[in-house]
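The notes follow the order in which I checked them.

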Amino acid sequence: MINSLDPRIAREKINEDNTIAPLTEMDNWETYEVFHQKKRGEQHEHVGIVHAPNNEMALLFGKEQYGRRGISVNIWVVKTSNVFASDYDDADIFETVPDKQYREAGGYKVMEMINKYKKENKVK
Amino acid sequence: MNVTAIKDLLYKMADDLLIIGHRNSEWTGLGPILEEDIAFSSMAQDKIGQAGALFEILHELGEGEPDTVAFMRDANKMHCSQFVELPNGEYDFSIMRHFLFDHADQLRFEMLANSSFEPLAQVAKKIKGELKYHVFHANTWVVKLGNGSEESKARMQTALNESWNYALGMFEAGDFEKELQSENIFKGEEALKTRWMANITPFIEKANLKIPDQSTWEPILGGRKGYHTDYLQKLVEEMGEVFRLDPTAQW
């Protein structure tokens, strides 16, 4: 057995020939997606993931990883396995989106008209 | 206001926080997983910060500079309970100590939020949220591990058994209990212990653990009066090693 001063190595009980015991249940925790809210009323934003064995622990770790430096008022955690996501193979469903700028507010060329009006009428 | 009594109270609180903060920080880089390592280290830092706030008040009451007071005293001049100076052992003991200590810490500050000694009441109000989070962290771990595998259950029960009499020692009566109570500064160690028992019991039950039988209770006292285990002197020397090289250095 490798006898190390580093407890992370010592507790793995690694044999001299380097064979590592197979993983058992609880050795690997699930991941949780973390969302934080900067101000009450604002949307929660995705900030990253944490490993955790349950919801409560995920909240604790989420607070620590993502809420310890910046300002947060609220945190959500969601099991990554509960997120239903689109497939990257289906990315073509988004392909023609850039052609449809008229669907975006920015697609309307209205600012030019506003600026022209402001200039003509000396509105600030 | 009885300044001697206030100083006595502040010293034992500050020393408890300084020493548990230092002990818990020894896990930095060695925690069971990355997320928990960061969480535990961050709380250890909070504890040192809380100690710092109390040393500041002591300084305003005429005691030495906070750094000097924290790093230059030998063990026999420290007022921490023996519980906080014990080595970390394995994570079971560290988590159990964190649970038992932080419940007491939270309640002590909660009681002090209404203290007639205003500076202490202010600190208590300021760190309320911090303490709530520390206790939430401790409760979550204890309940989780107490309901985990056979090994984790056995380890947590052993940790509780080994901690118990030391934990009771946190409530060692001081020399000024009456003065502190009559001046509405602090309601006293006995009152704190009663609240502590009421707060920890439901979580210990939820964790399926058992508080040792009352017939075996023997609080380990002396810490508040400067009597300590041999572990503390070594800790104090290590903690103050750099500071003691040149106490006048500017940081």
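I began with helix α3 of chain A, residues 110-121. Helices here are DSSP runs of H or I with at least four residues, strands are runs of E with at least two, and both are numbered from the N terminus. The twelve residues of α3(A) reach 17 Å from the first C-alpha to the last, close to the 16 Å expected at 1.5 Å a residue. The expected span is 1.5 Å times one less than the number of residues.

I noted that this is a predicted model, in which local features need pLDDT of at least 70, side-chain atom pairs count only at pLDDT 80 or more, and totals for chains, interfaces and linings use all residues. Residues are numbered from 1 along each chain as its sequence is written, while chains are lettered from A and ligands numbered from 1 in the order in which they are written.

Is α3(A) buried or in the open? I found that zero of its twelve residues are buried, so the helix lies largely in the open. Buried means that 20 or more other C-beta atoms, placed from the backbone, lie within 10 Å of the residue's own; exposed means 12 or fewer, and partly exposed is in between. Just after α3(A), I saw that Lys122(A) takes a positive phi of about 55 degrees.

Next I turned to chain B. I counted twelve helices and zero strands there. Of its 251 residues, 42% count as buried. Its C-alpha atoms fill a box of roughly 55 × 45 × 30 Å along the principal axes. The radius of gyration of chain B is 18 Å, which agrees with the value near 18 Å for a compact globule of 251 residues. It is taken over C-alpha atoms, and the globule rule is 2.2 Å times the number of residues to the power 0.38.

I then looked for nonpolar cores, which are sets of buried Ala, Val, Leu, Ile, Met, Phe, Trp, Tyr and Cys residues joined through C-beta atoms within 7 Å. The largest has 64 residues, and Val142(B) and Met156(B) are among those touching the most other members. Helix α1 of chain B, residues 3-25, gives the largest share of this core, eleven residues. A second, separate core of 16 residues includes Leu60(A) and Phe61(A).

Last, I checked where the chains meet. 14 residues of chain A are in contact with ten residues of chain B; contact means C-beta atoms, placed from the backbone, within 7 Å. On the side of chain A that touches chain B, α2(A) gives the most, with six residues.

Conventions: Two residues are in contact if their C-beta atoms, placed from the backbone, lie within 7 Å.
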